[in-house]
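This briefing is meant to be read with the sequence and the 3D view side by side. Please look up each residue as it is named.

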Amino acid sequence: MADALLTVENLTKSFGEKLLFEDISFGINAGQKTALIARNGTGKTSLLNIITGTALADAGKVVFRNDVRMAYLPQNPLMNETMTVREYVFASENKYVQAVNNYEKALLNIQLSPSGIHEKQLQDAMNTMDTIGAWDYENRVKEILSRLEVNDLDKTIAMLSGGERKKIALSKVLIDDANLLILDEPTNHLDIKMIEWLEEFLSKQNLSILMVTHDRYFLDNVCHDIIEIDKGHLFHYKGTYAYYVEKKAERQEIERREIEKAKNLYRTELDWMRHMPSARGTKARARIDSFYELKDKALQRIDDHRPTLSVKTERIGGKILEMYNVSKQYEGKALVDDFTYTFKKNEKIGIVGQNGVGKSTFLNIITQALKPDSGNIIVGQTVQFGFYTQNGLTESDDRRVIEIIKDVAEVIHLENGKEMSATQFLRHFGFDDSTQYNYYGNLSGGERRRLYLLKVLMANPNFLILDEPTNDLDIYTLEILEEFLENYKGCLIIVSHDRNFMDDLVDHLFVFEGNGKIRDYHSNYTDYIKLKEQEQRIATQQKREEKPKYERTKSAAKPTYKQKQEYEQLTNEIEVLEKEKAELEQLMNSGQETDYEKLNSWATRIGEIRELIDEKELRWLELDEIMN
């Protein structure tokens with residue numbers, strides 16, 4: 001790990017009596033983008049806190065290369081409540097950040113109060129920008145802030161919601177000129193458009209990244225390296241998430257065989273222990289020591305095989321939920337406009353749209369927590385809502401997990417007529433026996449979200465509404481939840497920015513397009529995005545065709561020989577670039593390459609190719625009008 005920007009050596013960390021990880025080592029090289037995967041409560045955030053110096057390890061050390069400039073995005077950023085957004089985002093020792101901040105402040109000052117002093121401030125700021133070459137950096141800052149919708153820089157931190165704080169903290173991390181990013185759930189509270197932009201931004205940058213994320217599409221598109229903490233040990237996988245799943249299954253199969261072999265030998269050794277004479281010789285003592293090591297191995301469990309679970313829902317009648325011409329405004333802005341829909345049995349609907357377009361308002365209207373301004377809503381008599389909101393669970397810190405769950409039910413009735421105890425249900429969703437008797441105050445953020453989710457599911461609703469259920473959940477829990485929801489027999493509405501989760505589950509989408517317009521699209525999110533891109537291309541082409549006649553007359557002349565040559569050349573170049581991009585993407589996703597420099601150069605080249613294709617296609621369209 002001589003060339004590593006970050007080296008982790010033999011780290012061990014316990015939380016009380018619980019061992020999080022033991023003697024783990026790894027490195028992050030220049031340009032390496034790595035995802036960290038582990039179950040909630042098993043040490044992901046603790047590891048990141050140790051690396052960034054906000055927590056101490058029990059043993060081991062963390063070493064940074066001398067030239068490392070690190071930026072850290074925690075899962076729940078702590079901020080000075082009295083600072084403005086501007087002060088927080090631009091609080092940096094980076095000379096480019098300081099120059100851009102001084103320039104922006106000088107611009108603001110001269111707009112608010114023109115004076116000779118402010119003119120001099122602006123001129124000085126511009127001279128500094130010229131001297132250090134910070135104008136490109138200013139464009140970068142503006143792009144980041146606009147893409148993440150950080151608009152009001154003079155707002156104080158105290159006035160912001162949790163989601164707004166996360167976006168501002170992410171903006172600060174991306175603006176800072178760091179070469180190593182440590183990111184804990186960077187996609188939380190971002191809408192899909194922002195997530196897709198962030199994917200592309202991080203993929204193009206020549207950065208080293210260590211990232212915790214539950215978003216599998218995001219992970220696949222950004223990272224080409226995965227490390228996993230499982231039962232206190234660290235495992236390394238060089239490839240995509242699909243490659244990781246395949247190789248982990250192979251590893252677990254090998255472990256299973258070793259455990260089975262150890263069990264068989266354990267029976268023989270147990271019989272010897274029961275009947276052995278007093279151990280006087282060295283060989284006998286050594287055999288006793290080996291017996292206890294063998295016992296630990298033989299009694300291990302691999303919890304990768306879970307029975308399919310389908311909770312019995314209350315019977316739902318023929319009339320479920322009907323909405324007629326429903327409208328709702330807030331502060332003069334239309335959130336729902338003349339919406340009509342009749343819900344059907346067993347349908348699974350996804351809701352997508354940018355933040356602030358009315359998704360949560362729509363859900364509150366459905367559950368009758370909010371009245372519409374106009375229109376009618378008819379809820380069937382047999383409908384029982386289960387509503388998982390973004391607000392989370394409110395519980396006393398001194399209550400145990402098992403007590404909280406037993407408040408809902410001690411026995412869960414399944415579709416097949418069988419029953420499951422509260423303890424078994426908790427175990428199915430990843431709460432082991434020790435965690436079930438842990439106090440709520442000791443749970444991680446992800447464990448608290450998972451517990452809240454179980455309370456909603458255990459109530460046996462026949463109309464289930466999940467508002468951002470994937471935030472703060474680990475990938476393992478998401479897979480269990482997906483399996484559970486696939487077998488769910490009631491009506492299901494999901495609001496989520498997790499594209500993989502939506503693609504796997506929903507039958508159709510309610511797309512919130514803004515100004516209260518809700519479009520019913522009968523396919524998954526990936527297909528919807530492809531349709532939107534196609535519609536955008538058609539709209540662009542139509543705009544070109546709708547140019548005034550005098551403009552078309554000017555270009556109606558026959559194409560020149562030079563234009564014909566350029567047209568043919570661009571056609572060939574675009575084809576070659578598309579082929580190169582496809583080949584590189586195939587290499588990146590194969591999981592066979594282990595050279596980080598190669599992987600990084602491929603990722604950089606893919607970003608360059610995308611820009612070249614966009615540029616050449618624009619010129620090709622112009623020439624195509626002339627040619628045809």
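Predicted model: local features only at pLDDT ≥ 70, side-chain atom pairs only at ≥ 80, totals over all residues.

Residues are numbered from 1 along each chain as its sequence is written, and side-chain values use heavy atoms, with hydrogens and water left out. Helices (H or I, at least four residues) and strands (E, at least two) are DSSP runs, numbered from the N terminus. A residue is called buried under 20% relative accessible area, exposed over 50%, and partly exposed in between (1.4 Å probe, protein chains only). The areas themselves come from the Shrake-Rupley method with a 1.4 Å probe, and for residues only the protein chains shown count as cover.

**Salt bridges**

- The structure holds 23 salt bridges, each being a side-chain nitrogen of Lys or Arg within 4 Å of a carboxyl oxygen of Asp or Glu.
- One of them joins Glu-199 to Arg-499, with the closest N and O atoms 2.4 Å apart. Glu-199 belongs to helix α7 (residues 192–204) and Arg-499 to helix α17 (residues 499–505), so this pair ties together parts that are 300 residues apart in sequence.
- Glu-199 is buried at 9% relative accessibility, and Arg-499 is buried at 5%.
- Arg-499 also forms a salt bridge with Asp-215 (3.5 Å, N to O). Asp-215 sits in the loop between β7 (208–212) and α8 (216–222) while Arg-499 is in helix α17, so the pair ties together parts that are 284 residues apart in sequence. Both Arg-499 and Asp-215 are buried.
- Arg-427 and Asp-433 make another salt bridge, their closest N and O atoms being 3.0 Å apart. Here Arg-427 is partly exposed, with a relative accessible area of 38%, and Asp-433 is partly exposed, with 44%.
- A network of salt bridges links Glu-228, Asp-230, Lys-248 and Arg-251.

**Aromatic rings**

- Across the whole structure, a search finds 21 aromatic pairs. Rings of Phe, Tyr and Trp (its six-membered ring) pair if their centres lie within 6.5 Å; planes under 30 degrees apart count as stacked, over 60 as edge-to-face and the rest as tilted.
- The ring centres of Tyr-237 and Tyr-244 are 5.0 Å apart and their planes are at 85°, so the pair is edge-to-face. Tyr-237 is buried, with a relative accessible area of 6%, and Tyr-244 is buried at 3%.
- Tyr-525 and Tyr-528 form a tilted pair, 6.1 Å centre to centre with 45° between the planes. Both lie in helix α18 (residues 525–545), three residues apart, which is about one turn of the helix.
- Tyr-525 is buried, with a relative accessible area of 5%, and Tyr-528 is buried at 7%.
- Ring pairs also link a cluster made of Phe-339, Tyr-341, Phe-343, Phe-362, Phe-385, Phe-463, Phe-510 and Phe-512.

**Helix α11**

- Six of the eight residues of helix α11 (residues 359–366) are buried, so the helix is largely enclosed by the rest of the structure.
- The buried residues are Lys-359, Thr-361, Phe-362, Leu-363, Ile-365 and Ile-366.
- After α11 comes Gln-368, whose phi is positive, near 65°.

**A loop residue**

- Thr-394 is in the loop between β14 (385–388) and α12 (401–406). Thr-394 is exposed, at 76% relative accessibility.
- Thr-394 and Arg-448 are 54 residues apart in sequence and 9.5 Å apart in space, C-alpha to C-alpha.

**A negative patch**

- Glu-578, Asp-614, Glu-615 and Glu-617 gather in a patch of negative charge on the surface. A patch is made of residues with over 30% relative accessible area and no salt bridge, with like charges joined within 9 Å.
- Asp and Glu count as negative, and the place of a charge is taken as CG of Asp or CD of Glu.
- Helix α21 (residues 596–627) gives the most to the negative patch, with three residues.
- Asp-614 is found in helix α21 and is exposed, at 51% relative accessibility. Glu-617 lies in helix α21 and is partly exposed, with a relative accessible area of 34%.
- Asp-614 and Ile-574 are 40 residues apart in sequence and 9.3 Å apart in space, C-alpha to C-alpha.

Technical notes. Patch = residues over 30% accessible without salt bridge, like charges linked within 9 Å, V, L, I, M, F, W, Y side chains within 5 Å.
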